Amino acid sequence: MQTKIKFPSKRLLLLIFLSGVSVILLESFDLPENTSFMFNLLTLFCGFSITALFFIPSAIIKSRTDLDFMSLAHMKTPNAIIFLSAFYCLYFVYTAEYFLIKYCDMFSKKLNSEANIFAVAFVLLAVCVYAAYKGTNAIARCSIFIFAFSFIVLTLIFTGNISNLEINTTDFYFSGSKSDFINNTSFFLTPSFTAVIFAVLSGYTKNFRSRQIIFSVVVTAIIFALILFFTTFVLGEYAFAQDYRCFLLTKTTHFGNVGGFDSLYLSLSVITVFFVISLILTCICKSTGKSSSLPTVLVFSVIIFVFFICTYHFNVAKELLTNHYLLNILTFISAVVIPTFYMFTFGRRLND
(Lines give C-alpha, C1' and ligand atoms only; values in the text may rest on other atoms or scores of the structure.)
Protein backbone atom coordinates (compact mmCIF):
# COMPACT_ATOMS: atom_id res chain seq x y z
CA MET A 1 0.00 0.00 0.00
CA GLN A 2 1.96 2.99 -1.29
CA THR A 3 0.44 6.35 -2.00
CA LYS A 4 1.51 7.83 -5.32
CA ILE A 5 1.40 11.35 -3.89
CA LYS A 6 4.95 12.63 -3.56
CA PHE A 7 6.17 13.98 -0.23
CA PRO A 8 8.74 16.74 0.47
CA SER A 9 12.28 15.50 0.00
CA LYS A 10 13.34 17.04 3.32
CA ARG A 11 11.38 14.27 5.05
CA LEU A 12 13.44 11.61 3.29
CA LEU A 13 16.63 13.45 4.25
CA LEU A 14 15.49 13.51 7.89
CA LEU A 15 15.00 9.75 7.67
CA ILE A 16 18.47 9.45 6.16
CA PHE A 17 19.89 11.47 9.06
CA LEU A 18 18.19 9.21 11.61
CA SER A 19 19.39 6.12 9.78
CA GLY A 20 22.97 7.41 9.69
CA VAL A 21 22.96 8.16 13.44
CA SER A 22 22.30 4.48 14.13
CA VAL A 23 25.92 3.74 13.18
CA ILE A 24 27.41 5.72 16.07
CA LEU A 25 24.72 4.62 18.52
CA LEU A 26 25.64 0.98 17.93
CA GLU A 27 29.41 1.59 17.77
CA SER A 28 31.44 -0.79 19.90
CA PHE A 29 35.17 -1.41 19.32
CA ASP A 30 35.65 0.00 15.84
CA LEU A 31 37.94 2.85 17.00
CA PRO A 32 41.39 1.81 18.32
CA GLU A 33 42.40 2.85 21.83
CA ASN A 34 45.75 4.38 20.87
CA THR A 35 44.29 7.07 18.59
CA SER A 36 43.88 10.66 19.80
CA PHE A 37 40.75 12.80 19.61
CA MET A 38 42.16 15.07 16.87
CA PHE A 39 43.25 12.06 14.84
CA ASN A 40 39.75 10.57 15.10
CA LEU A 41 38.24 13.95 14.24
CA LEU A 42 40.35 14.10 11.06
CA THR A 43 39.25 10.61 10.02
CA LEU A 44 35.64 11.61 10.76
CA PHE A 45 36.00 14.59 8.41
CA CYS A 46 37.48 12.34 5.71
CA GLY A 47 34.79 9.70 6.13
CA PHE A 48 31.89 12.14 5.90
CA SER A 49 33.46 14.05 3.03
CA ILE A 50 33.53 10.82 1.04
CA THR A 51 29.98 10.07 2.21
CA ALA A 52 28.80 13.37 0.71
CA LEU A 53 30.47 12.45 -2.59
CA PHE A 54 28.54 9.16 -2.65
CA PHE A 55 25.29 11.13 -3.02
CA ILE A 56 26.41 13.00 -6.15
CA PRO A 57 25.42 10.50 -8.91
CA SER A 58 21.88 9.94 -7.59
CA ALA A 59 21.48 13.66 -6.81
CA ILE A 60 22.38 14.53 -10.43
CA ILE A 61 19.90 11.95 -11.72
CA LYS A 62 17.18 13.30 -9.43
CA SER A 63 17.89 16.91 -10.43
CA ARG A 64 17.92 16.20 -14.18
CA THR A 65 15.07 13.70 -14.45
CA ASP A 66 13.10 13.97 -11.18
CA LEU A 67 13.50 10.19 -11.01
CA ASP A 68 15.33 7.94 -8.63
CA PHE A 69 18.13 5.81 -10.06
CA MET A 70 16.15 2.56 -9.90
CA SER A 71 13.22 4.02 -11.87
CA LEU A 72 15.69 5.32 -14.46
CA ALA A 73 17.30 1.88 -14.73
CA HIS A 74 13.92 0.22 -15.25
CA MET A 75 13.19 2.67 -18.08
CA LYS A 76 16.57 2.61 -19.84
CA THR A 77 17.63 -1.03 -19.48
CA PRO A 78 14.48 -3.18 -19.10
CA ASN A 79 16.29 -6.27 -20.41
CA ALA A 80 19.08 -6.07 -17.83
CA ILE A 81 16.96 -4.95 -14.89
CA ILE A 82 16.64 -8.45 -13.45
CA PHE A 83 20.39 -8.61 -12.82
CA LEU A 84 20.51 -5.08 -11.44
CA SER A 85 17.53 -5.74 -9.18
CA ALA A 86 19.11 -8.95 -7.89
CA PHE A 87 22.33 -7.13 -7.01
CA TYR A 88 20.54 -4.33 -5.15
CA CYS A 89 18.28 -6.77 -3.30
CA LEU A 90 21.35 -8.68 -2.13
CA TYR A 91 22.98 -5.42 -1.07
CA PHE A 92 19.95 -4.40 0.96
CA VAL A 93 19.69 -7.82 2.60
CA TYR A 94 23.35 -7.53 3.60
CA THR A 95 22.82 -4.02 5.02
CA ALA A 96 19.73 -5.10 6.95
CA GLU A 97 21.72 -7.97 8.50
CA TYR A 98 24.51 -5.56 9.45
CA PHE A 99 22.22 -3.40 11.56
CA LEU A 100 19.97 -6.16 12.86
CA ILE A 101 22.95 -8.11 14.21
CA LYS A 102 24.49 -5.04 15.82
CA TYR A 103 21.22 -3.96 17.43
CA CYS A 104 20.43 -7.41 18.80
CA ASP A 105 23.96 -7.72 20.21
CA MET A 106 23.53 -4.39 22.00
CA PHE A 107 20.07 -5.43 23.26
CA SER A 108 21.43 -8.67 24.64
CA LYS A 109 24.51 -7.16 26.29
CA LYS A 110 23.03 -3.94 27.68
CA LEU A 111 19.30 -4.42 28.18
CA ASN A 112 18.37 -8.03 28.81
CA SER A 113 20.89 -10.82 28.53
CA GLU A 114 18.14 -13.36 29.34
CA ALA A 115 16.01 -12.38 26.36
CA ASN A 116 15.66 -14.69 23.39
CA ILE A 117 17.63 -12.81 20.75
CA PHE A 118 15.73 -14.49 17.91
CA ALA A 119 12.41 -13.32 19.37
CA VAL A 120 13.79 -9.76 19.56
CA ALA A 121 14.84 -9.88 15.91
CA PHE A 122 11.49 -11.41 14.89
CA VAL A 123 9.44 -8.71 16.62
CA LEU A 124 11.59 -5.92 15.18
CA LEU A 125 11.30 -7.36 11.67
CA ALA A 126 7.54 -7.79 12.07
CA VAL A 127 7.12 -4.10 12.91
CA CYS A 128 9.35 -3.17 9.98
CA VAL A 129 7.28 -5.36 7.64
CA TYR A 130 4.15 -3.42 8.55
CA ALA A 131 5.90 -0.07 8.06
CA ALA A 132 7.40 -1.15 4.72
CA TYR A 133 4.00 -2.35 3.52
CA LYS A 134 2.51 1.05 4.31
CA GLY A 135 5.24 2.59 2.15
CA THR A 136 7.90 5.27 2.26
CA ASN A 137 5.37 8.09 2.47
CA ALA A 138 3.84 6.64 5.62
CA ILE A 139 7.27 6.18 7.21
CA ALA A 140 8.29 9.71 6.25
CA ARG A 141 5.24 11.31 7.90
CA CYS A 142 6.66 10.70 11.36
CA SER A 143 10.20 11.82 10.49
CA ILE A 144 9.79 15.36 11.86
CA PHE A 145 8.51 14.11 15.23
CA ILE A 146 11.23 11.48 15.56
CA PHE A 147 13.85 14.02 14.52
CA ALA A 148 12.60 16.31 17.32
CA PHE A 149 12.72 13.38 19.77
CA SER A 150 16.27 12.50 18.74
CA PHE A 151 17.32 16.15 19.09
CA ILE A 152 15.93 16.27 22.64
CA VAL A 153 17.57 12.95 23.61
CA LEU A 154 20.99 13.92 22.25
CA THR A 155 20.78 17.39 23.81
CA LEU A 156 20.04 15.83 27.21
CA ILE A 157 22.95 13.40 26.85
CA PHE A 158 25.43 16.12 25.90
CA THR A 159 24.35 18.83 28.34
CA GLY A 160 24.05 16.29 31.15
CA ASN A 161 27.73 15.38 30.73
CA ILE A 162 29.23 18.88 30.55
CA SER A 163 30.07 18.83 34.26
CA ASN A 164 31.87 15.50 33.77
CA LEU A 165 34.30 16.79 31.17
CA GLU A 166 38.00 16.37 31.92
CA ILE A 167 39.97 17.94 29.09
CA ASN A 168 43.28 16.25 28.43
CA THR A 169 45.57 18.32 26.21
CA THR A 170 47.44 15.23 25.03
CA ASP A 171 44.32 14.17 23.10
CA PHE A 172 44.66 17.29 20.95
CA TYR A 173 47.86 15.94 19.42
CA PHE A 174 47.78 13.68 16.39
CA SER A 175 48.33 10.09 17.44
CA GLY A 176 47.54 7.14 15.21
CA SER A 177 49.02 4.86 12.58
CA LYS A 178 48.28 4.51 8.89
CA SER A 179 46.21 1.38 9.53
CA ASP A 180 44.26 3.27 12.22
CA PHE A 181 43.55 6.04 9.72
CA ILE A 182 42.16 3.55 7.20
CA ASN A 183 40.12 1.72 9.85
CA ASN A 184 38.63 4.89 11.37
CA THR A 185 37.88 6.52 8.03
CA SER A 186 36.13 3.33 6.91
CA PHE A 187 34.05 3.31 10.09
CA PHE A 188 33.02 6.96 9.63
CA LEU A 189 32.22 6.15 6.01
CA THR A 190 29.65 3.54 7.07
CA PRO A 191 26.71 6.05 7.05
CA SER A 192 27.22 6.29 3.28
CA PHE A 193 24.78 3.37 2.95
CA THR A 194 22.12 6.09 3.19
CA ALA A 195 23.25 7.30 -0.26
CA VAL A 196 21.94 4.04 -1.73
CA ILE A 197 18.63 4.48 0.08
CA PHE A 198 18.40 7.98 -1.39
CA ALA A 199 19.29 6.67 -4.86
CA VAL A 200 16.41 4.19 -4.76
CA LEU A 201 13.70 6.17 -2.93
CA SER A 202 14.27 9.77 -4.03
CA GLY A 203 11.74 9.36 -6.85
CA TYR A 204 8.96 9.48 -4.26
CA THR A 205 9.94 13.01 -3.25
CA LYS A 206 9.33 16.52 -4.55
CA ASN A 207 11.02 19.91 -4.13
CA PHE A 208 14.48 18.36 -4.00
CA ARG A 209 17.42 20.68 -3.32
CA SER A 210 21.06 19.60 -3.19
CA ARG A 211 21.59 21.58 0.01
CA GLN A 212 19.24 19.17 1.77
CA ILE A 213 21.80 16.39 1.32
CA ILE A 214 24.56 18.65 2.59
CA PHE A 215 22.46 19.53 5.64
CA SER A 216 21.75 15.88 6.41
CA VAL A 217 25.40 14.81 6.07
CA VAL A 218 26.74 17.79 8.05
CA VAL A 219 24.27 17.35 10.93
CA THR A 220 25.06 13.63 11.11
CA ALA A 221 28.80 14.43 11.17
CA ILE A 222 28.25 16.95 13.98
CA ILE A 223 26.41 14.34 16.05
CA PHE A 224 29.25 11.88 15.49
CA ALA A 225 31.82 14.53 16.47
CA LEU A 226 29.96 15.45 19.66
CA ILE A 227 29.64 11.82 20.72
CA LEU A 228 33.32 11.34 19.95
CA PHE A 229 34.20 14.45 21.99
CA PHE A 230 32.16 13.49 25.05
CA THR A 231 33.21 9.84 25.07
CA THR A 232 36.85 10.92 24.88
CA PHE A 233 36.77 13.58 27.61
CA VAL A 234 34.10 12.12 29.87
CA LEU A 235 34.74 8.38 29.73
CA GLY A 236 38.46 8.47 28.90
CA GLU A 237 40.19 5.10 28.95
CA TYR A 238 37.15 3.50 30.59
CA ALA A 239 35.38 3.75 27.24
CA PHE A 240 37.75 1.13 25.81
CA ALA A 241 37.14 -1.30 28.67
CA GLN A 242 33.42 -1.61 27.96
CA ASP A 243 31.12 -2.17 25.01
CA TYR A 244 29.01 0.60 23.48
CA ARG A 245 30.51 3.91 24.51
CA CYS A 246 27.42 5.92 23.62
CA PHE A 247 25.41 3.76 26.02
CA LEU A 248 28.00 4.41 28.75
CA LEU A 249 27.70 8.12 28.04
CA THR A 250 23.99 8.00 28.87
CA LYS A 251 24.79 6.27 32.16
CA THR A 252 26.98 9.21 33.25
CA THR A 253 24.39 11.81 32.22
CA HIS A 254 22.89 13.65 35.19
CA PHE A 255 20.98 16.80 36.09
CA GLY A 256 21.34 17.39 39.80
CA ASN A 257 20.24 14.21 41.55
CA VAL A 258 18.60 12.83 38.41
CA GLY A 259 20.89 10.54 36.45
CA GLY A 260 20.97 7.58 34.12
CA PHE A 261 19.28 8.29 30.81
CA ASP A 262 20.06 4.93 29.25
CA SER A 263 16.36 4.27 28.56
CA LEU A 264 16.33 7.25 26.17
CA TYR A 265 19.40 5.87 24.40
CA LEU A 266 17.77 2.46 24.02
CA SER A 267 14.60 4.09 22.67
CA LEU A 268 16.53 6.13 20.12
CA SER A 269 18.58 3.10 19.09
CA VAL A 270 15.57 0.93 18.34
CA ILE A 271 13.85 3.78 16.47
CA THR A 272 16.85 4.41 14.22
CA VAL A 273 17.32 0.71 13.48
CA PHE A 274 13.59 0.45 12.79
CA PHE A 275 13.91 3.23 10.22
CA VAL A 276 16.95 1.60 8.61
CA ILE A 277 15.33 -1.81 8.14
CA SER A 278 11.94 -0.39 7.14
CA LEU A 279 13.53 1.81 4.47
CA ILE A 280 15.64 -1.13 3.29
CA LEU A 281 12.52 -3.26 2.80
CA THR A 282 10.87 -0.46 0.80
CA CYS A 283 14.07 -0.20 -1.25
CA ILE A 284 13.87 -3.90 -2.00
CA CYS A 285 10.30 -3.45 -3.24
CA LYS A 286 11.38 -0.54 -5.42
CA SER A 287 14.30 -2.57 -6.78
CA THR A 288 11.87 -5.25 -7.93
CA GLY A 289 9.79 -2.64 -9.76
CA LYS A 290 7.00 -2.27 -7.21
CA SER A 291 6.14 0.67 -4.98
CA SER A 292 5.00 -1.74 -2.28
CA SER A 293 4.27 -5.45 -2.18
CA LEU A 294 3.41 -7.42 0.96
CA PRO A 295 4.55 -10.78 -0.51
CA THR A 296 7.91 -9.25 -1.52
CA VAL A 297 8.37 -7.66 1.90
CA LEU A 298 7.48 -10.91 3.66
CA VAL A 299 9.77 -13.07 1.51
CA PHE A 300 12.81 -10.85 2.03
CA SER A 301 12.05 -10.43 5.74
CA VAL A 302 12.10 -14.21 6.08
CA ILE A 303 15.42 -14.31 4.19
CA ILE A 304 16.86 -11.67 6.52
CA PHE A 305 15.63 -13.57 9.58
CA VAL A 306 17.04 -16.90 8.34
CA PHE A 307 20.44 -15.30 7.69
CA PHE A 308 20.26 -13.75 11.15
CA ILE A 309 19.75 -17.16 12.73
CA CYS A 310 22.69 -18.54 10.75
CA THR A 311 25.02 -15.83 12.06
CA TYR A 312 24.53 -17.08 15.62
CA HIS A 313 25.54 -20.59 14.61
CA PHE A 314 28.44 -19.68 12.32
CA ASN A 315 30.85 -17.00 13.59
CA VAL A 316 32.40 -16.61 10.15
CA ALA A 317 29.03 -15.54 8.75
CA LYS A 318 28.56 -13.04 11.57
CA GLU A 319 31.99 -11.51 11.03
CA LEU A 320 31.35 -11.29 7.29
CA LEU A 321 27.95 -9.62 7.71
CA THR A 322 29.23 -7.02 10.20
CA ASN A 323 32.40 -6.05 8.34
CA HIS A 324 32.28 -2.31 7.66
CA TYR A 325 35.00 -2.58 4.99
CA LEU A 326 32.84 -4.95 2.94
CA LEU A 327 29.73 -2.84 3.53
CA ASN A 328 31.54 0.26 2.27
CA ILE A 329 32.82 -1.50 -0.85
CA LEU A 330 29.31 -2.70 -1.70
CA THR A 331 27.96 0.77 -0.97
CA PHE A 332 30.52 2.36 -3.29
CA ILE A 333 29.45 0.03 -6.11
CA SER A 334 25.74 0.62 -5.44
CA ALA A 335 25.81 4.38 -4.85
CA VAL A 336 28.62 5.49 -7.18
CA VAL A 337 29.82 2.97 -9.76
CA ILE A 338 26.50 1.74 -11.18
CA PRO A 339 24.63 5.12 -11.22
CA THR A 340 27.70 6.82 -12.73
CA PHE A 341 27.84 4.16 -15.43
CA TYR A 342 24.24 4.97 -16.34
CA MET A 343 24.97 8.71 -16.44
CA PHE A 344 27.94 8.29 -18.78
CA THR A 345 26.17 5.69 -20.91
CA PHE A 346 23.00 7.70 -21.53
CA GLY A 347 24.37 11.22 -21.00
CA ARG A 348 22.04 13.74 -22.60
CA ARG A 349 19.43 11.06 -23.15
CA LEU A 350 18.61 10.88 -19.43
CA ASN A 351 15.55 13.05 -20.00
CA ASP A 352 14.33 11.11 -23.05
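This is a predicted model: local features need pLDDT of at least 70, side-chain atom pairs count only at pLDDT 80 or more; totals for chains, interfaces and linings use all residues.

Reader: Is Lys62 buried or exposed?
Author: The cut-off for buried is under 20% relative accessible area. Lys62 has a relative accessible area of 3%, so Lys62 is buried.

Reader: What is the phi of Asp66 near?
Author: Asp66 sits in the loop between helix H3 (56-65) and helix H4 (69-76). Asp66 is partly exposed, at 37% relative accessibility. Its phi is positive although the residue is not glycine, with a value near 60 degrees.

Reader: How many residues apart in sequence are the parts tied together by Asp68 and Lys286?
Author: Asp68 and Lys286 form a salt bridge, with 2.5 Å between the closest N and O atoms. Both Asp68 and Lys286 are buried. Asp68 belongs to the loop between H3 and H4, while Lys286 belongs to helix H13 (residues 262-287), so the separation in sequence is 218 residues.

Reader: How many disulfides does the count come to?
Author: A disulfide requires two cysteine sulfur atoms within 2.5 Å. The cysteine sulfur closest to that of Cys89 is in Cys285, 8.7 Å away, which is too far for a bond. For Cys283 the closest is again in Cys285, at 9.4 Å, also too far. The number of disulfides is 0.

Reader: How many of the 26 residues of H11 are buried?
Author: The end C-alpha atoms of H11 are 37 Å apart, which agrees with the 38 Å its residues should span at 1.5 Å a residue. H11 is followed by Gly236, whose phi is positive, near 60 degrees. The rest of the structure largely encloses H11, because the number of its residues that are buried is 19.

Reader: How many of the 17 residues of H1 are buried?
Author: Helix H1 (residues 9-25) reaches 25 Å from its first C-alpha to its last, close to the expected 24 Å. H1 is mostly covered, and the number of buried residues is 15.

Reader: Which residues does Ile50 touch, not counting residues up to four places away in sequence?
Author: Ile50 is in helix H2. It is partly exposed, with 31% relative accessible area. Contact means heavy atoms within 4.5 Å. Under that condition, the residues touched by Ile50 are Thr185 and Leu189.

Reader: About how much accessible area does the nonpolar patch with Leu42 have together?
Author: Leu42 is part of helix H2 (residues 37-54). Leu42 counts as partly exposed because its relative accessibility is 34%. Together with Phe174, Phe181, Ile182 and Tyr325, Leu42 forms a nonpolar surface patch whose accessible area is about 460 Å².

Definitions and conventions
Residues are numbered from 1 along each chain as its sequence is written. Side-chain values use heavy atoms; hydrogens and water are left out. Patches are made of residues with over 30% relative accessible area and no salt bridge: like charges are joined within 9 Å, nonpolar side chains (Val, Leu, Ile, Met, Phe, Trp, Tyr) within 5 Å. Accessible areas come from the Shrake-Rupley method with a 1.4 Å probe; for residues, only the protein chains shown count as cover. A salt bridge is a side-chain nitrogen of Lys or Arg within 4 Å of a carboxyl oxygen of Asp or Glu. Helices (H or I, at least four residues) and strands (E, at least two) are DSSP runs, numbered from the N terminus. Buried means under 20% relative accessible area, exposed over 50%, partly exposed in between (1.4 Å probe, protein chains only). The expected span of a helix is 1.5 Å times one less than its number of residues.
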